[in-house]
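Subject: Structure handover

Hello,

Here is the structure we talked about. My notes follow below it.

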Amino acid sequence: MTRNPDLAPAAHRLAELLGAVRDDRLGAPTPCEATSLATLIDHVDGLSLAFAQAAAKDVPEGGSTPPAPDGANLAPDWRARVPERLGALAAAWRDPSAWEGMTEAGGVQMPGEVMGRVALNELVVHGWDIATASGQPYVCGDEEVQECLVFVGQAVEQSGGKGTPGLFGPPVAVPDGASPLDRLIALTGRDPSWTP
């Protein structure tokens, strides 16, 4: 039986990164095309809630498709709220039942064992996005990166290397010997050497 990953380290790391984002950086660009740092944080706010609900198999009334993220909608209390939601997300996926059966997030239904890995990938990759956009270092656990490499590698293979609309762009080439994190970032269609 495959061991399910612990989302807590990635969620905690992302919360710490958010705590160090300066207000004057909220309008800065990110590695996500045409997305400001404020908009990306609004996205993390929404996905934190959505993936916690997915773990509990608690589909919101009216469906799980969220509104498009927008930095203008970033809640005034985001510095407290988003880390709190990230903690709740990690706690929800500690329940073994979260990884069983089918669930839904973002209007997409999939097995819990896949959804949990989608959530981990979101935390790791957007952690890198936020760190890079805000000028912070990013150090990620090897096991997390390897778990995400397997997940993203399968998605890239299924797309024929064309990317997955709404998730990843086409992979970016990296040199031989690139670090596992750089390979992961490149597989999601981002340039690991991107700077704001």
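Predicted model: local features only at pLDDT ≥ 70, side-chain atom pairs only at ≥ 80, totals over all residues.

H1 and H2

H2 is largely enclosed by the rest of the structure, because 15 of its 19 residues are buried. Helix H1 covers residues 8–19, 12 residues in total. From first C-alpha to last, H1 reaches 16 Å, close to the expected 16 Å. Its buried residues are Ala-8, Ala-10, Ala-11, Arg-13, Leu-14, Ala-15, Leu-17 and Leu-18. What lies over them? The cover for the buried residues of H1 includes H2 (37–55), H3 (78–92), H4 (112–134) and H5 (142–158).

H4 against H5

Two packed helices are described by the angle between their axes and the distance between the axes. For H4 and H5, the angle is about 115 degrees and the axes are 9 Å apart. The crossing is left-handed. On the H4 side, the contact uses Val-114, Arg-117, Val-118, Leu-120, Asn-121 and Val-124. On the H5 side, the partners are Glu-144, Glu-147, Cys-148, Phe-151 and Val-152. By type, the residues of this contact are seven nonpolar, one polar and three charged.

His-126

His-126 also belongs to H4. Is His-126 buried or exposed? It is buried, with a relative accessible area of 6%. Which residues does His-126 touch, leaving aside neighbours within four places in sequence? The contacts are Leu-14, Cys-32, Leu-40, His-43, Val-44, Leu-47, Asn-121 and Arg-190. Two of these names come up elsewhere: Leu-14 is a buried residue of H1, and Asn-121 takes part in the H4 contact with H5.

Cysteines

How many disulfides are there? The count is zero. A pair of cysteine sulfur atoms must be within 2.5 Å to qualify. The sulfur of Cys-32 has its closest cysteine sulfur in Cys-148, and at 15 Å that is too far for a bond. Cys-140 is in no disulfide either. Its nearest cysteine sulfur, again that of Cys-148, is 6.8 Å away. Cys-32 is buried, at 14% relative accessible area. Cys-140 counts as buried too, at 13% relative accessibility.

Loops and backbone

Ala-34 has a positive phi of about 55 degrees, although it is not a glycine. Ala-34 sits in the loop between H1 and H2. With a relative accessible area of 86%, Ala-34 is exposed.

Lys-57 also has a positive phi of about 55 degrees and is not a glycine. Where is Lys-57? It is in the loop between H2 and H3, just after H2. At 32% relative accessibility, Lys-57 counts as partly exposed.

Ala-68 is found in the loop between H2 and H3 as well. Ala-68 is exposed, with a relative accessible area of 62%. Along the chain, Ala-68 and Asp-42 are 26 residues apart. Their C-alpha atoms are separated by 9.2 Å.

Best regards

Terms used
Residues numbered from 1 in each chain as written. Heavy atoms only, no water. Buried < 20%, exposed > 50% of the residue type's maximum accessible area, 1.4 Å probe, protein only. Helix = DSSP H or I, 4+ residues; strand = E, 2+ residues; numbered from the N terminus. Expected span 1.5 Å × (residues − 1). Contact = heavy atoms within 4.5 Å. Axes fitted to C-alpha atoms, helices over the stretch in contact; angles between N-to-C directions. Left-handed = near helix turned anticlockwise from the far one by under 90°. Nonpolar A, V, L, I, M, F, W, Y, C, P; charged D, E, K, R; others polar.
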